[in-house]
Amino acid sequence: MSETKKTISQDRKRTNILHRQELAFIAYLVERMPRWVTSNMLTSLGLCGNLLVAILMCFASVWGAWLLLLTPLAFFINWFGDSLDGRLAYYRKKPRKWFGFCLDIVVDWIGIVAIGLGYYIYVQPAWKIVGFIFVVLYGAEMIISQLRYKVTDKYSIDSGILGPTEVRIILALLFCSEFFFPGSMHWFGIVISIVLLFSFIADFRKLLAVANERDMLRHSEEQVTN
């Protein structure tokens with residue numbers, strides 16, 4: 001399995017809390033994935049997971065918060081598809097780096113917008129702005145990850161110790177808490193938005209520092225050449 005871990009993690013750096021356990025689990029799964037399962041199928045499955053989260057929130061606004069107890073399953077479906085699509089391609093030595101990169105970004109954005117819309121429909125009118133803020137800030141973090149890739153040539157989907165997996169777990173707990181503590185989603189939504197805001201500011205400052213260093217290095221190299 002150690003060779004599998006090396007193969008499926010060769011194109012990205014992970015810093016999230018659960019990255020060791022997650023990598024081991026993904027390696028276990030890709031080694032046992034049926035041959036008829038393709039990366040594109042897994043990408044579609046991941047999107048379906050996010051859309052299911054949104055649908056559950058919409059239905060919960062009509063039939064009750066008990067439906068939110070099913071969101072952990074939907075988030076797991078999203079994790080399964082989103083985490084294994086590219087890793088399976090690398091394991092089978094058939095990676096499509098740039099095709100997969102473009103596809104994943106767009107699909108992830110569609111999924112986040114869907115979840116934000118579901119939140120918007122579920123919560124009370126006075127709190128709908130929180131759903132909008134969440135989508136904006138999560139989208140900003142996605143932009144930072146793409147800019148970091150451009151500046152450093154290293155692709156990372158994590159923001160410090162938090163990555164998509166940890167965010168999924170937090171959101172799943174948040175949605176489930178709404179059943180046991182009605183109205184808690186409103187306040188947790190604000191907390192998550194604040195965390196995303198400070199994370200964006202910190203990541204942006206670090207990115208600017210790295211970009212400035214790269215510019216200075218390039219300027220020094222040009223002076224030497226001239």
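Helices here are DSSP runs of H or I, at least four residues long, numbered from the N terminus. Keep in mind that this is a predicted model.

**Stop 1: a loop**

Select K93. This residue lies in the loop between α4 and α5. Is K93 buried or exposed? Its relative accessibility is 67%, so K93 counts as exposed, the cut-off being over 50%.

**Stop 2: rings in α4**

Now turn on the aromatic side chains. The structure holds 9 aromatic pairs. Select F76 and W79. Their ring centres are 5.8 Å apart and their planes meet at 25°, so this pair is stacked. Both residues lie in helix α4, 3 residues apart, which is about one turn of the helix.

Show the surface over these two residues. F76 is partly exposed, with a relative accessible area of 41%. W79 has 8% relative accessibility and counts as buried.

Ring pairs link F25, F76, W79 and F80 into a cluster.

**Stop 3: a lysine over a ring**

Select Y120 and K128. K128 lies over the face of Y120, at 4.7 Å from the ring centre.

**Stop 4: the largest nonpolar core**

Which residues of the largest nonpolar core touch the most other members? Select M57, L68, Y122, F134, F175 and M185: of the 28 residues in this core, they are the ones. Colour the helices next. The elements that give two or more residues to the core are α3, α4, α5, α6, α7 and α8. The biggest share comes from α6, with 6 residues.

**Stop 5: the largest cavity**

Rolling a probe the size of a water molecule over the atoms shows where empty space is left. How many cavities of 30 Å³ or more does a search of the whole structure find? The search finds 2.

Go to the largest cavity, with a volume of about 80 Å³. To see its lining, select I115, Y119, V130, G131, F134, L171, L174, F175, G189 and I192. Colour the lining by class: 8 residues are nonpolar, 2 are polar and none is charged.

**Stop 6: the second largest cavity**

Move on to the second largest cavity, with a volume of about 50 Å³. Select its lining: L42, T43, G46, L47, N50, N78, G81, D82, D85, V107 and D108. Here α3 (39-63), α4 (71-91) and α5 each supply at least two residues. Which helix gives the most to this lining? That is α3, with 5 residues. Colour by class again. This lining has 3 nonpolar, 5 polar and 3 charged residues.

Key
Residues are numbered from 1 along each chain as its sequence is written. This is a predicted model: local features need pLDDT of at least 70, side-chain atom pairs count only at pLDDT 80 or more; totals for chains, interfaces and linings use all residues. Side-chain values use heavy atoms; hydrogens and water are left out. On a 1 Å grid over the protein atoms alone, a cavity is a set of points where a 1.4 Å probe fits but cannot get out, and a pocket is an open set with protein on both sides within 12 Å along at least five of seven lines; lining residues have an atom within 4 Å of a point. Grid points are joined across faces, edges and corners, and a volume is the space filled by probe spheres set on the points. Ala, Val, Leu, Ile, Met, Phe, Trp, Tyr, Cys and Pro count as nonpolar, Asp, Glu, Lys and Arg as charged, and the others, Gly among them, as polar. Rings of Phe, Tyr and Trp (its six-membered ring) pair if their centres lie within 6.5 Å; planes under 30 degrees apart count as stacked, over 60 as edge-to-face and the rest as tilted. Buried means under 20% relative accessible area, exposed over 50%, partly exposed in between (1.4 Å probe, protein chains only). A charge sits over a ring if NZ of Lys or CZ of Arg is within 6 Å of the ring centre and within 35 degrees of the ring normal. A nonpolar core is a set of buried Ala, Val, Leu, Ile, Met, Phe, Trp, Tyr and Cys residues joined through side-chain atoms within 4.5 Å.
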